[in-house]
Amino acid sequence: MSLSTSSTRWDARLWGVLLTVSTVVGLDALDVSMVGVALPSIQAELGLSTSALQWVISAYVLGYGGLLLLGGRTADLLGRRRVFLVAVAVFAVASLFGGLVDSGPLLIASRFIKGLAAAFTAPAALSIITTTFHEGPARNKAISIFAVFGASGYSAGLVFSGLLTEVGWRWTFLLPVPIALAALVAALKLIPQYRPETGSGYDFPGAITGAAGSLLLVFAVVEAPEIGWASPRTLISFALAIALLVAFVFIEKRSKHPLLRLGILRSGPLARANIGGALFFGAYIGFQFVVMLYLQSVLGWSALQTALGFLPAALIVAFGSPKIEPLIDRLGTPRTILAGVAAHVVGYALFLGIDKDSSYAGAVLPSMILLGIGFTLAFSSLNIQATAGISDDEQGLAGGLLNTSVQVGGAIGLAVVTAVLTANGGEGVHVLDGLTPALSVVTGIAVLGLLVAISGVVKRSRAAQPELALAATK
């Protein structure tokens with residue numbers, strides 16, 4: 001059974017499929033942002049140390065970023081619908097468990113399981129969309145709507161967290177449960193069966209080394225700011241991660257049924273989307289951390305006020321993303337990615353001049369507006385470019401690659417920014433001293449992303465020149 005279509009006029013069932021998978025991805029994003037504001041309450045009730053507390057966030061990132069590649073390929077081989085349904089069910093159960101436990105280690109374990117579940121839902125959801133809607137205007141429109149849910153879910157989580165924490169931190173864990181269950185029921189009814197190719201083997205050595213290498217890499221990045229980048233444990237973790245990933249590459253070269261077909265990486269647009277996505281989110285996550293610290297520690301804002309401070313960017317994304325598809329069709333993804341990244345670079349640079357007397361309207365709001373514009377232009381375009389020209393049986397893999405790049409890029413960006421902030425006295429009363437160096441790093445990461453985006457526009461222009469010359473001779 002297939003719902004595949006190239007038309008941008010869809011019936012109720014197609015809309016149902018799109019909204020169901022988009023809701024789950026929005027739920028993943030909402031879950032990430034909701035927990036952050038609740039951390040002080042969690043620490044007070046469960047008696048967690050500061051180092052243990054950061055694992056409430058980091059455990060999710062570890063499961064999500066470390067297993068995305070495995071999740072994407074599993075969706076291709078075992079069936080996108082099946083993987084999606086199982087992962088959503090696990091996510092709901094882990095959410096309920098996390099809201100009921102009275103132990104720090106059990107809470108952290110529930111967060112890791114939720115991240116693991118999200119590592120399977122995200123690429124499965126994207127591949128369901130990219131195989132349901134044909135490449136071109138229909139897919140671009142669908143991915144634009146998909147992007148709205150992801151970005152809006154993250155922003156909504158910030159606001160909900162401020163409200164729910166006032167009632168009790170456990171509600172930040174329990175709120176996703178009914179949403180996930182509703183999405184599960186809708187998915188059972190709406191998402192068509194998908195029959196994977198018969199006769200395909202499963203690359204267990206590749207799965208083990210790839211997952212272990214990815215998990216250890218994310219683990220090393222997350223732990224490094226706490227224990228030191230040059231500490232023996234950090235260096236050993238990085239060395240083992242590299243060794244496992246090198247072994248993974250050798251296994252994939254020789255496997256008859258590789259988990260990651262290395263040839264897919266020869267696609268220039270896909271490679272640029274992954275590198276650009278890692279840099280784009282590395283800068284953004286680092287910037288968000290700096291801004292939250294500035295608003296709360298320097299300006300003295302509450303958690304809810306801080307969340308509302310990000311609302312202008314969220315509104316631009318929510319209202320702009322559904323309308324971005326015609327612009328992408330006309331300009332192409334390289335140009336829209338370039339415009340989005342450029343908007344972020346300017347937004348970060350403007351924030352470099354902040355001080356303790358800066359006003360929200362004069363110093364913060366311009367950057368928020370540019371962030372919203374940049375996110376609207378670049379996020380959908382990166383998803384479209386990463387999956388364009390990829391065969392249906394590797395759409396999950398392509399989606400997993402992009403999400404892995406985004407998660408690992410975000411983790412590295414945050415770790416580097418945190419290290420720079422701490423090294424420059426950015427704690428306690430001296431928090432303002434570390435903000436400018438940290439913001440300089442954020443801007444530098446974004447500039448690297450800008451160079452990648454420029455290379456994409458240049459390569460597309462060069463590729464178009466022979467076609468234009470041929471057309472002129474006709």
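The accessible surface of the chain in this predicted model amounts to about 19300 Å² (Shrake-Rupley method with a 1.4 Å probe), and carbon and sulfur atoms contribute 68% of that area. Of the 474 residues, 54% count as buried, a term that denotes under 20% relative accessible area, computed with a 1.4 Å probe and protein chains only. Local features need pLDDT of at least 70 and side-chain atom pairs count only at pLDDT 80 or more, whereas totals for chains use all residues. Side-chain values use heavy atoms, with hydrogens and water left out, and residues are numbered from 1 along each chain as its sequence is written.

The chain has 17 helices and zero strands, assigned as DSSP runs (H or I, at least four residues, for helices; E, at least two, for strands) and numbered from the N terminus. The radius of gyration, taken over C-alpha atoms, is 22 Å, which agrees with the value near 23 Å that a compact globule of 474 residues would have; the globule rule is 2.2 Å times the number of residues to the power 0.38. Among contacts (heavy atoms within 4.5 Å) with a separation of 6 or more, 83% join residues 24 or more positions apart.

Within helix H1 (residues 12-46) lies Asp28, which is buried yet has no salt bridge, the nearest side chain of opposite charge, Lys114, being 8.3 Å away. A salt bridge would require a side-chain nitrogen of Lys or Arg within 4 Å of a carboxyl oxygen of Asp or Glu. Apart from neighbours within four places in sequence, Asp28 is in contact with Tyr60, Phe91, Ala118, Thr121 and Ala122.

How values were computed:
Buried < 20%, exposed > 50% of the residue type's maximum accessible area, 1.4 Å probe, protein only. Lys, Arg positive; Asp, Glu negative; His and termini not counted.
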